[in-house]
Amino acid sequence: MKPLEIAKDIYWVGAVDWNIRDMHGYLTPHGTTYNAFLIVDEKIALIDTTKKGFVDELLHSISQIVEPRKIDCVISNHTEMDHSGGLPRVMHRIGEDKPLYCSKMGLKNLPRHFRQRWNYQPVDDGGELSLGKKTLSFMETRMLHWPASMFTYVKEDRLLFSSDAFGQHYASLERFDDQVGDAIMPHAAKYFANILLLYAPLVLKLVEKVQKLGLVFDMICPDHGIMWRQDPAKIINAYVEWSTQKPKRKAVVAYDTMWHSTEKMAEAIVAGLGEEGVDTRPMHLRACHRSDVMTEVLDAGAVVVGSPTLNNGLFPTVSDFLSYMKGLKPKNKIGAAFGSYGWSGEAVKMINKELEAMKFELVDPGLKIQYVPDDKGIEASYELGKKIAKALPS
Ligand code: FEO
């Protein structure tokens, strides 16, 4: 892609990854971008790099603006390899002795990734670096979403380089929110649900800190996807809403099935929920990717999980989903379990245990039916759906 001037003397020099479909277990059907930025001032600074395989594109983009050796310093906002993987070639090209600014945790973690003795320059939270006309201000954002994460703010342009925060896995020719419109929001929600949800309390603290500091943003530039210039407040407000995790009258029914018995139960539960006016998402775990299920879980008040008992345990996709959801620490949910079994029937108990470990409020001891559900079993499943609906906020 060609570089793009996004503000005076500030350029997007990133790369578009049209073909990635799996980002460490997160389904990315729309690809992604690795956003990197060049600030051309009295000193020239590069903000982040790209994934290793895209560094040719990065250097080519930079070369269309300045000879890369003229870069005076690099700012590493995030150590994860999709933004730092290009560092070895970039540092080699611009000069290994050039300052590499990072957070204090970056000072610990960058060498553990690259085993290089670069000229690391750790910065303080609130520390500043003058490039000439422009001043960079650094904000530590530890655990949003890695220990070394930080934001870089260009004071004169009121422009925030927000690392992974406010990003989306979305490859496009467009670079800005006003070019994509509201269609970008589901991508931003999926990103939040799968990358940042477990750090929701830190997001709320950060927003509070930013408000106290009186920072204003004319543009927010995340490391993935489009940049927010038309309405940066929109994505901040969305992050506050998602972090608050106020449960909606919505239910996710996530399940797998061996011989369609658990599926029949799921369908009856869905019908019961629907009868009570609940926005219900039935999600077969071999038809829906775990990252898409989590996106629906984000604002759901209820998560209902079904599994047949297989080899005295959970069906593997259900284990996978429960483990994934547990790691993301969703809050304020009610839950219930169901499943068909043949002879031992441990699955429902095991789901209950996992949901309780996630601090979900169980609205029912769980429903298990031997082999194929009869009319009575279908009715019991339907009634379970209605019971869950009644426990949801109206
Ligand atoms: Fe986009 Fe945490 O890396």
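Predicted model: local features only at pLDDT ≥ 70, side-chain atom pairs only at ≥ 80, totals over all residues.
A polar contact is a pair of N or O atoms within 3.5 Å, where, within protein, one atom must be able to donate a hydrogen and the other to accept it. Thr49 sits in the loop that links β8 to α1 (55-63). The side chain of Thr49 reaches the backbone oxygen of His83 at 2.6 Å, and the backbone nitrogen of Gly86 is reached by the side chain of Thr49 at 3.3 Å. Thr49 has a relative accessible area of 0% and is therefore buried. Leaving aside residues up to four places away in sequence, the contacts of Thr49 include Asp82, His83, Ser84, Gly85, Gly86 and Leu87, and among the others are Asn35, Ala36, Leu58 and Val90.

Asp41 is located between β7 (37-40) and β8 (44-47). With a relative accessible area of 12%, Asp41 falls under the 20% limit, and so counts as buried. A polar atom of the Asp41 side chain lies 2.9 Å from the backbone nitrogen of Lys133. Although Asp41 and Lys134 are 93 residues apart along the chain, their C-alpha atoms are separated by 7.0 Å.

Attention now turns to an open sheet. Its 5 strands follow the order β12-β13-β14-β15-β16, and the pairing is mixed. The edges are formed by β12 (128-130) and β16 (219-221); each has a single partner strand, so one side of each is left without a neighbour in the sheet. On average, and with direction ignored, neighbouring strands are turned by 20° against each other. Within this sheet, β14 (residues 150-154) and β15 (residues 159-161) pair in the antiparallel sense over 3 bridges, and Tyr153 has Leu160 in β15 as its bridge partner. Helix α7 (residues 200-213) lies across β13 (135-140) and β14, and runs at about 145° to β13.

Strand β22 has parallel pairings to two strands described here: 5 bridges join β22 to β19 (residues 300-306), and 2 bridges join β22 to β23 (residues 361-362). Val303 has Gly335 in β22 as its bridge partner, whereas Ile334 stands opposite Glu361 in β23.

Two packed helices are described by the angle between their axes and the distance between the axes. For α11 (residues 316-328) and α12 (residues 347-357), the axes come within 10 Å and cross at roughly 10°. As this angle is under 35 degrees, α11 and α12 are therefore roughly parallel to each other. On the α11 side, Val318, Leu322, Met325 and Lys326 take part in the contact, meeting Ile351, Glu354, Leu355 and Ala357 of α12. By class, this contact has 6 nonpolar and 2 charged residues, with no polar ones.

Technical notes. Residues numbered from 1 in each chain as written. Heavy atoms only, no water. Axes fitted to C-alpha atoms, helices over the stretch in contact; angles between N-to-C directions. Helix = DSSP H or I, 4+ residues; strand = E, 2+ residues; numbered from the N terminus. Parallel < 35°, antiparallel > 145°, perpendicular 65-115°, else oblique. Contact = heavy atoms within 4.5 Å. Nonpolar A, V, L, I, M, F, W, Y, C, P; charged D, E, K, R; others polar. Buried < 20%, exposed > 50% of the residue type's maximum accessible area, 1.4 Å probe, protein only. Pairing = 2+ DSSP bridges.
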